[in-house]
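The following exercises concern contacts between side chains. Please work through each solution step by step with the sequence and the model in view.

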Amino acid sequence: WPQTIRPIQVVVAFLATLPATSSAFANARVVDNSRHVLNAEESRGPWEFGRAARTAIFFGGVPKPPNPIKVVQKLIGGGGPRQNIAPGEVMYTPTGNPLKLQWGSLDDVVMGGASKSSLNEATGVWSGTIITAGGGFAGVRTKLLVPPLDLSACSGVVLRVSGGKGQRVKLILRDDEDWNGVAWTQSFDTAANGGVAEIKLPFSTFVPTKYARVVEGLRGLNTQQVTAFQLTYSKFEYNGDLNPNFSGGPFEFKIEKIGAF
């Protein structure tokens, strides 16, 4: 590390951009659902500082000065180059990664939790364990896409996912470079029998959220500037409601395809 930048400074700056765990989860509603019995009573280990640090470093989640070139582009109304995506185009499979997507884990460790997951990029298997005590979500997210994707010729994203037992997962799209910017979110259910589910998610039904709370009054997703993909499996749905198709503990899904339609 350079003499002027230490790992602790990186992590402190990153965590300062996130809400406190207590406030982020304080509004969760209690429901009579046997699948949530283990919420508050699960045992968990200590917070893994090192894992939180690695997450911060991987995603560049530390505030930094704006890029002068990008500032000028915004002022003159230009957004820089884009990569055009056509309907029917495949953007990711385990055996083909034409966009060279770089995936990393984004689990609740960044908010003090103990859940842990990872994506095997060779097989597309995303697996892990959800610990709901002090957290309750696991996810994988791509690094910023450079250049961003222009999906304006398409109607939405199509996923093919196998495994699972009918759990509800969120697909999140980003349309800016802000680490904690608006997360355009849509939920979908995996196949109840553990088989293959192919799900079409129209752009028109993505919901703007921040920390699983709906942000009101925003324009729609900017499909001309998709900057990241993210999948999240969380005990929370939206605005404090619990995910009705969630269970803590081990999980495993296989991401077989991400495409456009």
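**Exercise 1.** State how many aromatic pairs the structure holds, and classify the pair of Phe203 and Phe206.

*Solution.* The structure holds 11 aromatic pairs. Rings of Phe, Tyr and Trp (its six-membered ring) pair if their centres lie within 6.5 Å; planes under 30 degrees apart count as stacked, over 60 as edge-to-face and the rest as tilted. The ring centres of Phe203 and Phe206 are 6.4 Å apart and the planes stand at 40 degrees, so this pair is tilted.

This is a predicted model: local features need pLDDT of at least 70, side-chain atom pairs count only at pLDDT 80 or more, and totals for chains, interfaces and linings use all residues. Residues are numbered from 1 along each chain as its sequence is written, and side-chain values use heavy atoms, with hydrogens and water left out.

**Exercise 2.** Decide whether Phe203 and Phe206 are buried or exposed.

*Solution.* Buried means under 20% relative accessible area, exposed over 50%, partly exposed in between (1.4 Å probe, protein chains only). Phe203 has 9% relative accessibility and therefore counts as buried. Phe206, at 5%, is buried.

**Exercise 3.** Describe the pair of Tyr233 and Phe246, and locate both residues.

*Solution.* The pair is tilted, with 5.0 Å from centre to centre and 50 degrees between the planes. Tyr233 lies in strand E14 (residues 228-234), and Phe246 in the loop between E14 and strand E15 (249-260), so the pair ties together parts 13 residues apart in sequence. Strands (E, at least two residues) and helices (H or I, at least four) are DSSP runs, numbered from the N terminus. Both Tyr233 and Phe246 are buried. Ring pairs also link these two residues with Trp126, Phe251 and Phe253 in a cluster.

**Exercise 4.** Examine the salt bridges of Arg168 with Asp189 and with Glu237.

*Solution.* A salt bridge is a side-chain nitrogen of Lys or Arg within 4 Å of a carboxyl oxygen of Asp or Glu. The structure holds six salt bridges. Between Asp189 and Arg168, the closest N and O atoms are 2.8 Å apart. This pair links strand E10 (residues 183-189), which holds Asp189, to strand E9 (residues 168-174), which holds Arg168, 21 residues apart. Asp189 is partly exposed at 32%, and Arg168 is partly exposed at 22%. Between Arg168 and Glu237, the closest N and O atoms are 3.2 Å apart. Glu237 lies in the loop between E14 and E15, so its pair with Arg168 in E9 ties together parts 69 residues apart in sequence. Glu237 is buried at 12%.
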